Amino acid sequence: MMVRIEPVTRIEGHMAITLVIEKNKVRNVQVNIIEPPRLFEKFMEGKPVEEAIRIAERICGICYVAHGLASVKALENAWNISPPETAIKLRRLLHAGGYIHSHMLHLAFLALPDILCPGEGVVGLAKKYPQLCKKAIFIRKFGQEVTEVIGGRPIHPSSIVPGGMSKPLSAEAREFLLKKGKEVLKTAIELVDFIFDLYEKYELLNVYPEDPTYYMGLVRNGFHETYDAKLHIMNPEGEIVDVFDGSRYVDYIAEDALPYSFVKHPYLRINGEKYRVGTLARINLAEKFGTPIADKYFAKLRSIIGRPSHNVGAYNLARAVELIASIEKALELLEDNQILSKDIRAQVKPKAGVGVGVVEAPRGVLIHHYEVDDEGVIKRVNLIVATQQNIPSLERELFQVANNLLSKGVELSRVGQKLETIVRAYDPCISCATHLVKLKIVNDKE
Amino acid sequence: MKKIAIISLMSDGGCHIAFLDIHEELLQLLNQVDLVHSYMTVDRKDIPYNIDIALIEGGVRTTHDIELLKEARSKAKILVAMGSCACFGGIPGLSNLYDLTSSLNYVYRETPTTIKGVIPHENVPNVIRVAPISRYVKVDFQIPGCPPESKEIKDALVSLLKGEIPPQPTKTVCDECKLGPPKKKPKRLRRIYEPPEPNTCLLEQGYFCMGSVTRAGCGAKCPHAGIPCDGCRGPAPKALDQGASILNALITLAYENIKEFSLKRHSAYFYRYSFASSIIEDLIRKRLVEKK
Amino acid sequence: MKEFKPTIIAFLCRWSAYGVADVAGISKTSYPSNIRIIKVPCSGRVSPLHILQAFNNGADGVLIFGCLEGGCHYIDGNLRAIHRVKQLKEILNIMGLNSDRLEMYLVGSCNLNKLVNYMKEFTERIRKLGPNPLKLKEG
């Protein structure tokens, strides 16, 4: 029989799950991504590449900052531009704002309801835990305020330009953000403590599957990094097996298209293996964050999950630690006086070329690859987005968990709920992934 | 309590986020209305009956979208197009300038990293031309923007819940912008990789600023940040077709300078958000249907 | 087979071509009846939207008549119109509508015969091209 869960809710995007079940055993799992494919990679052709920045941001309504940054980096790579230091700092600050909003959104609205009020979503959480919601909203609002101040708008910022940023940070705005940020950090610590406690109380890590995979992510001299560094690959045993510059990603990452999903499945070219990206990958790959409070939580997390951890549930704990780190990083950047400098834009001259821009979006490695002609008009685009890189492992895990539960006699609708929580742990961003699945448990009559 | 639903079609989720960006007011709102469907925040999978206000986020891109849309229309008293994708087709509308089959071929078979290529066809809906939702159902109200201002979404909801028609902006972004209006003709056209002179109208400096044909309501955030308006809020009340209007204005200002016109290239400026609802789209679709 | 009579929308500038056409009634020279004349204060008043709408509504051809270079009452309205027509021809090509269906002539206050000849030539051109393919899709 076939069973279909559609749509998977409380994720970003449209996904369904199809399970083909025969004699109480799962024979096949399809993650059908039915998110309408907008085909950005095609319609960006023929456009002036500097316009790609704002266009590409619309790939995602949550991680638009990451797309804007990956886009401008690809452009600057093609045109050999090095933005001034302050511009990079402003970009890092903008990126931190994006992480704060995205991670807080996930933890509070997408993940916590599953633990605290299953089946009731955010509405239930707001009714039963209003103070918790207020704190989460307070933190997330700060992320959006940072984005609005640095980026010009809270959603789909416009100030990222070739060569740097289009507007400097004013002293007043900086004072406002610093003052608020310090309050936000205090609240975030309370929230993260709460989350760690919940995980311990309900032994939540036991509830999620372990799936030994490879991991990929940015690391800079052992430090957790989201803006610019070489890509690292870690094997399931925890060894770093490859380090490479993003411009050579085609040598390392391959994709297969599938008949049943609008999202392609990436894998490592070298050995055909699946790999994962995102918060867990970054936690596995990094030695430290470099900010005191995050590093404290990081040590605590390591002591709970080890290294490398393959537990899907650890994604959320890693996310919580990254939330703290993002706030601390934002404060650090705001405290740096160089952030007020007006030297924020390098000279730019278009030329023909190829460029690759790699950043860590909140959900994982994000790659923009552009070929442009001598007028700076795009000839060809390739995108590797964060979430698609996790879909192959997700499918495998859903297969394992579904079989496991069915063999224990768990009833089908409970199985469905369970599978959805696993999907959610990845915080998949399906709009990105369709540049990105639907689990369909298809029941035919027995 | 009145029932509100947010139903998403082809979208990036940004309008959902704009709605959540009312921040603290969200908690109050959730006490006053029954949010019965919202894929990002509520677990209910089906679209319930007797919805008072349905906000549709996203445009139409697949046959599945049409089904969802029609279902929402039949179950809702008031149907609102929220965001520029629902209202005009949005940025993905640019895809309509490219042959669909070649586009699918490129994305699913010919990118540098694709090894096994196949165009998805199993258990997935059919992909069709991007369209605003008004092509398929009657729309009672529009809240354009990419995304709309959070306050706009909330104010519109509050008015509609009271049974009133929310006020619509009557001016253009140009009216809200401190830098304009343009005082002289641009000497040459400029692209945004060149930094602008401060405190001077961007259109006057030769940038493709869409402010004069774009609906007001955002406070001209982008020009104030040093970047020309790209028209994300859709056509101003008096500009029937955003692209044709700006083309008209630009010719008036700088006709010597647009030497070569390419729809694929210049649509990035003139029709970035509204191509799927433009008269050119209308003309292309008629040809396509006629070809059969 | 019914003979195809093209429907042509012609925008005539009131300072030149329109005045010329206006005397057609008195002078016993007539312009072709398939030409629908629209008077505009200047050829520069014709917007891309007007032209596109004309085709969208089934016109087989669109003509614009303006003043001679240097002769525009509003200085350079006619020059802007020339550039608009150039852009629109490209748009028409991209849409698969033959760009020869759109034309602009600078005629000034020429004599009526000249104007009528332009109209007849254009009508013949459109007759050869056939009806506007969009018209068949009405309904």
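The model is predicted: local features need pLDDT of at least 70 and side-chain atom pairs count only at pLDDT 80 or more, while totals for chains, interfaces and linings use all residues. Residues are numbered from 1 along each chain as its sequence is written, and chains are lettered from A in the order in which they are written.

Let us start with chain A. Helices here are DSSP runs (H or I, at least four residues), numbered from the N terminus. Helix α6 of chain A holds 22 residues, 130-151, and should span 32 Å at 1.5 Å a residue (counting one less than its number of residues). Its end C-alpha atoms are 30 Å apart, which agrees. Just after α6(A), A:Gly152 has a positive phi of about 90°.

Now to chains B and C. Contact means that C-beta atoms, placed from the backbone, lie within 7 Å. By that rule, 21 residues of chain C touch 19 residues of chain B. On the chain C side, α3 and α4 (77-94) each give two or more residues, and α4(C) gives the most, with 8 residues.

Helix α9 of chain B also packs on α3(C), at an angle of about 135° with the axes 8 Å apart. Axes are lines fitted to C-alpha atoms over the stretch in contact, and angles run from 0 to 180 degrees between N-to-C directions.

| Helix | Residues in the contact |
|---|---|
| α9(B), residues 242-254 | B:Ala244, B:Leu247, B:Asn248 |
| α3(C), residues 48-56 | C:Pro48, C:Leu49, C:Leu52 |

Notes: Two residues are in contact if their C-beta atoms, placed from the backbone, lie within 7 Å.
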